[in-house]
Amino acid sequence: MTDLSQLYEAIVKGNLNLSVTTTREALSEGIDPQAIIKDYMVPAMNRVGDMFERCEAYVPELLLAARAMKGSLDLIQPLLAAKNIETGAKVIIGTVQGDLHDIGKNIVASMLEGAGFSVINLGNDVKPAGFVEAIKLHHPHIVAMSALLTTTMTSMESTIAAIEEAGLRDNVRIMIGGAPLTDEFCRKIGADGYSDNANGAVKLARRLAG
C-alpha cells in the first residue's frame, strides 16, 4: 500500500517527481481521489502557507510546492471530472485588463487548488467583458482579480462595474490582490475582500465561500 505521507512531504518540499509518482501509485491502488486531496494535499499546502507567513519559506518554495501539488492534481482532476465531482467552491481568477503580470496570480491559483477550490484561470490582461462572460459560463462562487501596476488598478473598478451592469454582482463574491492595492482601495471599488499574499488569499477565499 502506498505511503501517502510521502505525498504530503513531497508537496511541502516541492518534489514534483515524488508527488506525481506517489499519487499515480495511490490511484492505481484505488484510493479515493477526494481523500488524497482532503487528507494529504490540502494539509500540505496549508503547512507551506503557514511557513510562508512565518518567513520559514519564501516565494521560490511556494512555487515549487505549488508545482508539486499541481502535478498530482493533474492526475486526479480527470477522475473527478468523469464522475462530475467538483473539488470545492469555484473560483475564476485573472489579472485585469492592461496588466501582463501573472506570477503572483498563478501562485494564488495553485494555492487555491491545493486548498480544495475548483479554479478557472483566465490568464492575464483580462477585459471586464472577459470576467463577465466567465461568470456566465462557469457560475463561480468567487471572482479573484489581480493587478500589479498602479496604472491597471482602475481596471478592477471597471470590471466590478461591468459585473454589476450585467446583473451578476449578487451572484459572486469579489476578492482582489496585488502589490499596489490596499484595504481602503478594496472598499472604495466595492470588492468584498483584499489580501497581500497567497496564503492570506486562501483564508479570504474560504471566508467568502463560507
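At what angle do the axes of helix H3 (residues 33–53) and helix H5 (residues 103–114) cross? In this predicted model, the two axes cross at roughly 135° and come within 8 Å. Angles over 145 degrees would count as roughly antiparallel and those from 65 to 115 as roughly perpendicular; H3 and H5 are therefore oblique to each other. On the H3 side, Met-41, Val-42, Met-45 and Gly-49 take part in the contact, and they meet Ser-110, Met-111 and Gly-114 of H5. Sorted by class, the residues of this contact comprise four nonpolar, three polar and no charged.

Ile-76 belongs to helix H4 (residues 59–82). Its relative accessibility is 0%, so Ile-76 counts as buried.

Helix H6 (residues 128–138) and helix H7 (residues 153–165) have axes that come within 8 Å and cross at roughly 40°. That angle makes H6 oblique to H7, and the crossing is right-handed. H6 contributes Pro-128, Phe-131, Val-132 and Ile-135 to the contact, while H7 contributes Ser-158, Thr-159, Ala-162 and Ile-163. The contact of H6 with H7 has six nonpolar, two polar and no charged residues.

How values were computed. Residues numbered from 1 in each chain as written. Predicted model: local features only at pLDDT ≥ 70, side-chain atom pairs only at ≥ 80, totals over all residues. Heavy atoms only, no water. Axes fitted to C-alpha atoms, helices over the stretch in contact; angles between N-to-C directions. Helix = DSSP H or I, 4+ residues; strand = E, 2+ residues; numbered from the N terminus. Parallel < 35°, antiparallel > 145°, perpendicular 65-115°, else oblique. Left-handed = near helix turned anticlockwise from the far one by under 90°. Contact = heavy atoms within 4.5 Å. Nonpolar A, V, L, I, M, F, W, Y, C, P; charged D, E, K, R; others polar. Buried < 20%, exposed > 50% of the residue type's maximum accessible area, 1.4 Å probe, protein only.
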